[in-house]
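Here is a structure to talk through together.

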Amino acid sequence: MSLTTPPTAPPPSRAPRPPAAVPATRRRSLRSSRLPLALLAPAVALVALVSVFPILFALNLSVHETRYTQVGDLVGLQHYLSVLATAQGWAMIGRSMVYVVGSLVLALPLAVGLAHLLDRPARLRRVFRVLILMPWVISQTVAALLWRWLLNPDYGPLGLGSLGGQRVDVLAGPVLAMVALVLVNVWLSYPLATILVLAALQGVPAELHEAAEVDGATAFRRFRSVTLPMIAPTVFVVAIMLTLLYFNMVTLVLTFTGGGPFSATQLVSLEAYQQSFSYFNLGLGAAYSVILFVFNVVFGLAYIRMLRGDRDV
């Protein structure tokens, strides 16, 4: 009798293991990381719609020939060369730089000085604040018409009239017209800078001034060593804001001088407006706008670099 081993049964098949469940804390972290993106998406889309798309559209127009609102053939850099490869174009850029830099050199120190005075306790301080900040509420068109009337040589209260037997018209001389345009621009724009600098001054701790005064520092030394370093970031931000405002300003220049006399106040911003909306040469106007955009970016980056360098020091 032979003994045989019974056949062994096959091992039972194992059911597939269900996927491991994601921990609740990880699911919450994923949802919390996606929530800010979802909340930022509408704002990013709006910024792209009102900022990025116009820039791309202007770049596309600047390299095409246009007839009114119709985009024609591709011309490449022809519009840019008509600006950057001509003496008239560089003269226009130079006038814009004189206008912007001259206005900044006057507006920033004036704003810092007035803000410092308004921050000091004095009688009728609120009245002085209202009077100093009054030009801010006046539009550029009204300010230009007001100053044209004030500087009129025949009936203007500030007109020079006749000097040395000759009739002096401020807006008829190339140099005087640019000087008057810069001064009117400073008068119109310094209140905004004053408000921002005044807010920064009110944030400077009084203990720092008291400690410097105890150490024997004079008022000028306290301002230079304590106040100015504390408000420097705000001053740089104000400089960026004013630079962007001055480079893109059209209404004041168009209404006050119209680019004259003899194109002495013809700025890049005014030329971009006239080429686009007066002569309907949208391609060339877009090229001027792109050049303005480049200047804005360059000056903005320069200010930011200076601010970071000042903080590193």
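Q: Which backbone oxygen does the side chain of threonine 265 reach?
A: In this predicted model, that side chain comes to 2.6 Å from the backbone oxygen of glycine 260.

Q: What makes the link between the side chains of threonine 265 and threonine 257 a polar contact?
A: The pair lies at 2.8 Å, and the cut-off for N or O atoms is within 3.5 Å, one able to donate a hydrogen and the other to accept it, so the term applies.

Q: Why is threonine 265 called buried?
A: Its relative accessibility is 0%. Buried means under 20%, so threonine 265 qualifies. Threonine 265 sits in the loop between α9 (251-256) and α10 (268-278). Setting aside neighbours within four places in sequence, its contacts include Arg95, Met178, Leu181 and Val253.

Q: How do you know where confidence in the protein chain is lowest and highest?
A: Mean pLDDT tells us: strand β3 (residues 161-163) is lowest at 64, while α9 is highest at 94. Where pLDDT is low, the coordinates should not be read in detail. The chain as a whole averages 84, and 86% of the residues score at least 70.

Q: What makes up the lining of the largest pocket: nonpolar, polar or charged residues?
A: The lining holds 16 nonpolar and 7 polar residues, and no charged ones. This pocket has a volume of about 470 Å³. Pro54, Ala58, Ala286, Ser289 and Val290 lie nearest its centre.

Q: How does the lining of the second largest pocket divide?
A: That lining has 6 nonpolar, 3 polar and 4 charged residues. Its largest share, 5 residues, comes from α8.

Methods: Residues are numbered from 1 along each chain as its sequence is written. This is a predicted model: local features need pLDDT of at least 70, side-chain atom pairs count only at pLDDT 80 or more; totals for chains, interfaces and linings use all residues. Side-chain values use heavy atoms; hydrogens and water are left out. Helices (H or I, at least four residues) and strands (E, at least two) are DSSP runs, numbered from the N terminus. Buried means under 20% relative accessible area, exposed over 50%, partly exposed in between (1.4 Å probe, protein chains only). Contact means heavy atoms within 4.5 Å. pLDDT is the predictor's confidence in each residue, from 0 to 100. On a 1 Å grid over the protein atoms alone, a cavity is a set of points where a 1.4 Å probe fits but cannot get out, and a pocket is an open set with protein on both sides within 12 Å along at least five of seven lines; lining residues have an atom within 4 Å of a point. Grid points are joined across faces, edges and corners, and a volume is the space filled by probe spheres set on the points. Ala, Val, Leu, Ile, Met, Phe, Trp, Tyr, Cys and Pro count as nonpolar, Asp, Glu, Lys and Arg as charged, and the others, Gly among them, as polar.
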